[in-house]
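Visitor: I would like to learn how to read a model like this one. Can we take it feature by feature?

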Amino acid sequence: MTHPDALILADHDEARDPATQLFLEQHVRECAECRELRNKVERVDVLIAALERPIPVPPWSDLDKHRSRRHSAVLPIAVAVVVVGILAGTALREWRSVNDVAGTGAAAEQTTSFEIRPVAPWRTTGTGRATLSSRGELVLEVSVRGPASEISRPGTDPLQPNFIWHLVEGTCASWERNDPGHSVIARWTLDPQQPDAQDFRHVVSKGELDPMTRPHALAAFRNGGGGPLYACGDIASFGPPAAASSAATPAKASPALPPDWQVLTEHDLTIPLPQGWTKTLDAPASGDRPDPANDPRLLYFGGSTSDAAARFVAIWIWPSRSLDQLVRERYVQGNLSLISEGTAPSWRPMREVIGVASWSAGAAGGRYRARHLFVKVDPERVVDVVVFGPRVASTETEPTPDMRSIQEIIAGRIVAPSQQAGCPRTQSTDALTGVVTSNGVIGIVGETFASSGAFNDSFVMVKRAAAVGERVAVVFEQIPPITAPATSVSYGVPASPRTTPWGDVAFELGVKPIAFPSSCWRLLVDGADSGIVLFVGP
Amino acid sequence: VTEIREAAGVTTRSDASATDWELLYRAHAGGILRYCRRLSRNGEAAEELMQETFTRALRAGQAPVDPNEARRWLYRIATNATIDRLRRERLLRFVRFAGHERAPQVGSEETDLVRMALRAIAPEQATALVLRLHQGFAPAEIAAMLGIGEAAVKSRLVRGRRRFIEAYERIGGRL
């Protein structure tokens, strides 16, 4: 007997014709199974509809303060259960080693020892030494011992690292109580070295480190499953960090551009690439979160059409004002199986995240690591340059040294021409539609960037409540420093039919009259400042 | 307004005076908080989502003028934020259980079970069910809000009810 489950499950969602309704009622009368399902559906609807208890709403003026506190309270809980899906291998070791190198160059400024005690019912215990270097980095040297069941997690996967070490702001006691108002400063995990011991040295960079003038704790949480605190040690507060030499902070110089490389300009970014590489993908990446105002753009550049060789680089352009926030929210807590994250040594602020993904093709399959390097290219955008391990069946691979080197040059040298030119190009968008706008009335569909060589391109301007045939007077006023022969360009433009997120009308503003390299233009419409700034690149 | 705009990192946005944010907040914060609460692990997480909703709205610079449209717009933002959170929680749950972790506390109250079951099903289905049954939006309104077809919304509701029943009974709920 076929049961009309779909009709029952959609009972209250749609009007039905009388014949269908009659059929349904007759069937339900005769079918005990369907009656039971209908009863359950009705109960489900009641359960979900039941009102929550009244919840006090924080006053508007208080919202900001609530945000800070709540965030701090939730973050450690989320962080404590971050998944480290697999063995942390070579990539992590390399990441650690470069951090170690960064931390060894200066004499110790302040040092303290601390005890790591087990948190009942666990038994892991140890000692640690914390040194706040003159460069503002915290060097942790730790040795812990405990039963193998706690240190190396034998069982389903004996190689899976068990602990995620956290440097947290707050005391161990308050962490055990799960008090709100804490935050995680840094976290890392380690290869199992031996079943019942971990000895390591880890450097927390100045960028990650909150000023050590407040109590901090080094805590080991179990890897995964919302696990408990295993072991914890209180690190005594240090005095205010000594003024670090600004000259000592940058770990590296800007990477040199190899002579045979090319530089492409895409989306207001100048991107250095090996000779012969081409763009193979340029698309909005909206699968992760359907949020027009926050969707990234994804570019692929490669020198090989073979994915298996992984001779390509992915560049994600994220609308984000905060490097750290993006890394934390979209990668570390987001859709990535995390192996490690930290600050990469670079002449510019750069974060590194290493994750792992699996692939399959027919009967074959394997895993590869992805190395992400994040840099902020202008006030509104963070770029994630990613390289991948090649696809090798039944193997977990990581990016080759050659690809890592290419990645570091790209991430180290990628810049936004508008930023270099000092042009405050408008990038704010309407959250609902993704249209670039400053005042919500006049907008640009797509980008506020054009190439000076694109004479035939247009900026697509939209205006609320515009009608076909309407004519507006537009004025482009050049923003200093003046690089174009004309300081102001004006013309009239009619509205023409065109489907846009704001309706079926648009104004096409030709690039040609302002197509001067590295010029920056304020857009006025009918005499009023639209708040939109356009940039014409190299 | 300035305070939260700065907190949201949107201080360079220009004039948003056309939107009375405080009025909008007073009108909808309670409903959005309850909506988020139904889909959240605890009250703090719900409040985070509500905060995130208004932060994202502020980032947009201006809300729709029509009150109904503004309400739908805010719920759309809240839904996106909630789906994001639920996906994240799903990932975090995708962990081998080695036998030592603290087991999740099963709430004794029915509402806790409802929340747990909602978090156990696909985020898109869970949000559709709550928008429909808890917030009272019609399928057509949800479709407009989420930018998908009405048929897709109905499909989410049908599948969501089925999955909810399975999940609710699996965690000990009785229907």
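Visitor: In what order do the elements of chain B run from the N terminus on?

Guide: First, a caution: this is a predicted model. From the N terminus, chain B reads α-α-α-α-α-α-α-α. The tally is 8 helices and 0 strands.

Visitor: What share of the residues in chain B is buried?

Guide: Of its 175 residues, 57% are buried. Chain B exposes about 7400 Å², with carbon and sulfur atoms supplying 48% of that area. Look at the contacts too. Among those in chain B between residues at least 6 apart in sequence, 68% join residues at least 24 apart.

Visitor: How do I check the length of helix H8 of chain B?

Guide: H8 covers residues 150-170, 21 residues in total. At 1.5 Å a residue it should span 30 Å, and the end C-alpha atoms are 30 Å apart, so the two agree. After H8(B) comes B:Gly172, with a positive phi near 105°.

Visitor: Which residues of H8(B) are buried?

Guide: Start with the general idea. An α-helix has 3.6 residues a turn, so residues three or four places apart point the same way. In H8(B), the buried residues include B:Val153, B:Leu157, B:Arg161, B:Phe164 and B:Tyr168.

Visitor: What do the buried residues of H8(B) pack against?

Guide: Two chains contribute. From chain A come helix H1 (5-9) and helix H3 (32-49). From chain B come helix H5 (110-120), helix H6 (123-134) and helix H7 (139-146).

Visitor: Which residues have the most contacts inside the largest nonpolar core?

Guide: In soluble globular proteins, nonpolar side chains tend to be buried together. Here the largest nonpolar core has 62 residues, and A:Ile48, B:Trp73, B:Leu118 and B:Phe164 have the most contacts inside it. Leaving aside neighbours within four places in sequence, B:Phe164 touches residues including A:Val44, A:Ile48, B:Leu118 and B:Leu129.

Visitor: How many aromatic pairs does the structure hold?

Guide: A pair of aromatic rings is described by the distance of the centres and the angle of the planes. Over all chains there are 12 aromatic pairs. Take B:Tyr25 and B:Phe54: centres 4.9 Å apart, planes at 70°, so the pair is edge-to-face. B:Tyr25 lies in helix H2 of chain B and B:Phe54 in helix H3, so the pair ties together parts 29 residues apart in sequence. B:Tyr25 is buried, at 2% relative accessible area. B:Phe54 is buried too, at 0%.

Guide: Now compare B:Tyr35 and B:Tyr75, a tilted pair with 5.5 Å centre to centre and 55° between the planes. This pair links helix H2 and helix H4 of chain B, 40 residues apart. Both B:Tyr35 and B:Tyr75 are buried.

Terms used:
Residues numbered from 1 in each chain as written. Chains lettered and ligands numbered in written order. Predicted model: local features only at pLDDT ≥ 70, side-chain atom pairs only at ≥ 80, totals over all residues. Heavy atoms only, no water. Core = buried A, V, L, I, M, F, W, Y, C linked by side-chain atoms within 4.5 Å. Buried < 20%, exposed > 50% of the residue type's maximum accessible area, 1.4 Å probe, protein only. Contact = heavy atoms within 4.5 Å. Helix = DSSP H or I, 4+ residues; strand = E, 2+ residues; numbered from the N terminus. Areas by Shrake-Rupley, 256 points an atom, 1.4 Å probe, with all protein chains shown as cover. Expected span 1.5 Å × (residues − 1). Phe/Tyr/Trp six-rings, centres within 6.5 Å; stacked < 30°, edge-to-face > 60°.
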